[in-house]
Structure formats: structure tokens, C-alpha cells
Amino acid sequence: MNAQQSLDLKARIRTIPDFPSPGIQFRDMMPLLADAQGHAQAIAGLIEGLAPGSIDAVAAIEARGFLLAGGVARALGCGLVPVRKPGKLPGFTLGLNYALEYGTDRLEIQQDALKPGDRVLLVDDLIATGGTAEAAARLIGQTGARLEAIRFLIDLPALGGMTTLKAQGWDCAALIAFD
Ligand code: AMP
């Protein structure tokens, strides 16, 4: 293990209480991204175990997923495809509505962003209930592309999202967990 690999990534995540609303412990990855070595180690960790040439595109979930996905795509030598909130992407899009605790939300992807058979890695900053990642996974499925793996920087295991996604058969993992 070299010096870069031995950094404590978790120590570089800042917890902000009651943001964006009371009762939420917001896990802020910005101090990690601001640290050049921590940032590089996070990107290296997110692609660990993925064989060179095994991924055709990195799909990134708005908005903090975008901040990780550029480095991940660069490291894998493949392209980047954004999965965005409704109305943000120009041109023809595919969309998928999904349930939240209160109400619904929607994710969209450009219709021609992925080709049938493309091998995709989905990336986001954090998994909580897993609703967002599950919706993104289904949306990627609608394009005919093949979701190979899902990677997060942070898991909140108490909220069960990772367990749910694994039970559905997805290859998913996170680098850091906050109990
Ligand atoms: P979920 O769909 O419940 O898995 O929520 C995951 C999404 O919400 C991710 O895109 C995160 O950026 C965001 N999120 C949820 N909870 C937190 C938290 N405690 N701190 C930071 N981001 C969060």
C-alpha cells in the first residue's frame, strides 16, 4: 500500500447537522474533493475491481455524482452520461418517475446517450434509501444498455438502500459507511 492509498477518506467527510432540513445529518464530501490526495484515492477506490475495458460509459446522478464521475470516467478511459432532474437535459429524453417518502421525483437521460449493449457504471456520492439509484438503474435499463456496477462514495447502511440494491442482484459497493 502506498502513501496515497493509506489516507483516511472518512475523516475527510464533514457532517453538517440539520442540513438541508432539521434532523438530516448531511455528509459533505467537499473537504475530500478539495484534498488532492484524498480526491485521487476516492477515484481509485471507485474503480477498484473493474477490469480495464469492462465499462463503456459512466452514468452520473445529479448533482454530486457529477463531481465524482468525471474523474472515474477519465480513469476508466470511457465517456460520461448525466442522469438529471426533469427539464435539465436538451433534446429528446427518456424519463422515469419514482416514489419518495413524500411525493414523487423524476430522473431523465438523453435518449441517444447510451446504446443497447453499452456496459455502464453508475456513480453517485451517497446511498441512503436507494430510491434514487434504483430509479437511475431502471432508467439505464430502458435505454437497452447493461448496468454492470453501481459505486458510491458513502453508504448510510441504517437506511437500507445498499441491502435493497444487492437483493435485486446489482453489483454495488461504497468506499465509506456512516452508521
Ligand atoms: P436515496 O435515494 O435515499 O438513496 O438518497 C440518495 C441521494 O440523496 C443522493 O443523491 C445523495 O446525494 C442525497 N442524500 C441523501 N441523504 C444524504 C445525506 N445524509 N447527506 C448527503 N446527501 C444525501
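Mentor: Helices (H or I, at least four residues) and strands (E, at least two) are DSSP runs, numbered from the N terminus. This is a predicted model, where local features need pLDDT of at least 70, side-chain atom pairs count only at pLDDT 80 or more, and totals for chains, interfaces and linings use all residues. Residues are numbered from 1 along each chain as its sequence is written, and side-chain values use heavy atoms, with hydrogens and water left out.

Trainee: Which elements each supply at least two residues of the shell around the ligand?
Mentor: β2 (25-28), β7 (119-127) and α4 (131-142) do. The largest share comes from β7, with four residues.

Trainee: How many residues surround the ligand?
Mentor: 14 do, and the closest are Asp124, Asp125, Thr129, Gly130 and Thr132. A residue counts as near if one of its heavy atoms lies within 4 Å of the molecule.

Trainee: How do the shell residues divide into nonpolar, polar and charged?
Mentor: Five are nonpolar, five polar and four charged. Ala, Val, Leu, Ile, Met, Phe, Trp, Tyr, Cys and Pro count as nonpolar, Asp, Glu, Lys and Arg as charged, and the others, Gly among them, as polar.

Trainee: What lies 2.5 Å from an oxygen atom of the ligand?
Mentor: A polar side-chain atom of Thr129. A polar backbone atom of Ala128 is 2.8 Å from a ligand oxygen. For Gly131, a polar backbone atom is 3.4 Å from an oxygen of the ligand. Taken alone, the ligand exposes 490 Å², and the protein buries 80% of that. Those areas come from the Shrake-Rupley method with a 1.4 Å probe.

Trainee: New topic. Which strand pairs with β5?
Mentor: β6 (residues 104-110) pairs with β5 (residues 93-99) in the antiparallel sense, over seven bridges. Two strands pair if DSSP finds at least two bridges between them. Ala99 has Thr104 of β6 as its bridge partner.

Trainee: And how many residues are between β5 and β6?
Mentor: Four, in a hairpin, and Gly103 in the turn has a positive phi of about 90°.

Trainee: Where are the cis peptide bonds you'd point out?
Mentor: One runs from Phe19 to Pro20, with omega near -5°. Pro20 lies in the loop between β1 (14-17) and β2. Another joins Glu62 and Ala63, with omega about -10°.

Trainee: Why flag those?
Mentor: Because most peptide bonds are trans, and most residues other than glycine have a negative phi. Asp18 has a positive phi, near 60°. Asp18 is in the loop between β1 and β2.

Notes
A polar contact is a pair of N or O atoms within 3.5 Å; within protein, one must be able to donate a hydrogen and the other to accept it, and residues adjacent in sequence count only if both atoms are side-chain atoms.
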